[in-house]
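Q: I would like to learn how the features of a structural model are read. Please take me through one.

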Amino acid sequence: MGREAARQLAPQSNPTRETAPSAPPLLDVQGLSVRFDGAPKGVNVVDDVSFSVSKGKTLCIVGESGCGKSVTSLALMGLLPTPPARIVAGAAVFDGQDLLTLSERERSDLRGDRIAMIFQEPMTSLNPAFTIGDQIAEGIVRHRKVSKAEAMERALDMLRKVRIPAPEKRLRAYPHEMSGGMRQRVMIAMALANDPQLLIADEPTTALDVTIQAQILTLIRRLQEETGTAMILITHDLGVVAEVADEVAVMYAGRVVESGPVEAIFDDPQHPYTIGLMGSVPSLGRRQGRLATIRGTVPPAELMPKGCRFTPRCPFSDGHCANDPPPLAEIRPGHRARCWYAPLELHRGAAS
Amino acid sequence: MLRYIGRRILIAIPTLIIVSIMVFALQKLLPGDPVLTMAGEERDPQVLAYLREKYRLDDPIPVQYFAWIGSALTGNLGISLRTDIPVLELILSKLPVTIELAIMAMIVALAIGIPAGIISAVRKGTAVDYTANVIALSGLSIPNFWLGIMLIMLISVRWKLLPASGYVPPTEDLWLNIKTMLMPAFVLGTGLAASLMRHTRSAMLGVMRSDYIRTARAKGLLSRKVILKHALRNALVPIVTLSTLLFGELLAGAVLTEQIFTIPGFGKLIVDAVFNRDYAVVQGVVLCTAVGFIFMNLLADVLYVLVNPRLRHAA
């Protein structure tokens, strides 16, 4: 209920803020929890995750490997392998419908049509046995009342849009005849073929060469601007976040530890984990001493603290942190942090 | 593609030569003298010498080999020592029977094995999966001859639904032909269905975990299409190879099954020939079977490339 109140408060207290949603968000995820069979009791791989994406905006979910970013996105798509994964709590309201309560048939009607996804591994994400054209066109035929030939025509358009050279020829090519970057362009073409309202991109550039990464990211950005698609971009690259995000959600060990507008997160990070992340970004300008790191590693599931999951690595933690999980509380309008001592300068002035 | 097939055929040639030498040598190593068998009670040295001369059994073995292989290449596989019928003629009269039985058995095997494999992979860990596995295991463990005898007892003797044995050429009476072949084809087919089912299941399970299956589902495709198009197409790659090789084995004749149902195919021909020490027939049948098997291997290689676009360019 506090959440509801907070959301109503936000636009009133800062009505000029662009990112404050006036209309209901396109996707509103509240308290999403995913459990893997066999995990210790009460330790969810994704725990009480909440965020929202507005029409045409970009939300970046940031966090290190294994923090639950991908599981979250697959849960939204309905692509989690069940078992072992089970959604145990939460709601994900997309345009008025709760994705998590839809039937499998209803979800598959949305998938690839209004919500599309790009995956991390372009090398293995395309079926080796079918041509590129066939694989793009079948997604169009599934959701639109078009003939196979019209779908192929649309597939060709999409290949042009994602700037694939010689698209007519590529339409008949098999995935193994293309490079990783080209395949990722095909994946993007496939995802955007039905003009989705929401695109989930799960580390779309991680598996690519550094030189290709920027191209692909620029391409996604450009197409997103052209089509007005909202995007959830999952990444661990803070440079990418700074460039493309409107909103940011920082995840740690399955929980959102901080969320807010991109400027707020970068200019004034509140959670000790976010502060640590910012400190670990190499920069060209100041090169003084060693690169800051966050000491320790993410605890394994069986050693996960009862309270704040960052406790063992946090320089500010105490007994309170270890035993009671802090809420994701709003510290400033639109800016939330899951820390008992946020804002830190207020509570831990001396220490920081 | 044509170059690939050409290369495969070239590779098959040395295999064929080795096989022919082995077939020939095996024959010479078998105990017993065919001349004595032919001459029967009569042990007149002159008759024996005449027979040896006629079948050139006194020539050095390499000479005999080249004489045999030379005429084999022209289609002359010799004359049955027992019946005086040319071996080629014998083989050609039995081959259609064996091919028909092999095709019908293969249809049974594919029609049972592949759907069962898909279903048990998709329903992995459920009662359906376990049931299918138990049936498959039984299918693998039950000997063909036992199943054949049981079927004859039940279906032919008790219920009188199908003829117990014999063979009617399809040109004579197609319906009766199918009726007589049904039980032997079922007996042979179920044995193969079991291994096809196990292979299909594991291939499907492997493929269903791949990223491109997730992509197909992310496109919103219905599970039926995801399974039957995206998964099956890739799982079929090893299955096609396996089926072709199984078919090659079927062509060698099903000795026990043919005996039980008294079907005059390759299996029966070779068993009779071995018992009669009818060298020429044994050599001819084994050579023919080996060539058939090598050909099916060749076909498996070609099909493997055809169903697997990734290999087409390499080919």
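A: Let us begin with secondary structure, where helices (H or I, at least four residues) and strands (E, at least two) are DSSP runs numbered from the N terminus. Chain A has 13 helices and twelve strands. This is a predicted model, in which local features need pLDDT of at least 70 and side-chain atom pairs count only at pLDDT 80 or more, while totals for chains, interfaces and linings use all residues. Residues are numbered from 1 along each chain as its sequence is written, and chains are lettered from A in the order in which they are written.

Q: What percentage of chain A is made up of buried residues?

A: A residue is buried if 20 or more other C-beta atoms, placed from the backbone, lie within 10 Å of its own. In chain A, 46% of the 352 residues are buried.

Q: Which residues have the most contacts inside the largest nonpolar core?

A: In soluble globular proteins, nonpolar side chains tend to be buried together. A nonpolar core is a set of buried Ala, Val, Leu, Ile, Met, Phe, Trp, Tyr and Cys residues joined through C-beta atoms within 7 Å. The largest here has 170 residues, and A:A155, A:A189, A:V250 and B:A105 have the most contacts inside it. Helix 5 (residues 87-122) of chain B supplies the largest share of this core, 15 residues.

Q: How many residues of chain A are in contact with chain B?

A: Contact requires C-beta atoms, placed from the backbone, within 7 Å. By that criterion, 23 residues of chain A meet 17 residues of chain B. Helix 4 of chain A gives the largest share of the chain A side, four residues.

Key
Buried ≥ 20, exposed ≤ 12 C-beta atoms within 10 Å, placed from the backbone. Contact = placed C-beta atoms within 7 Å.
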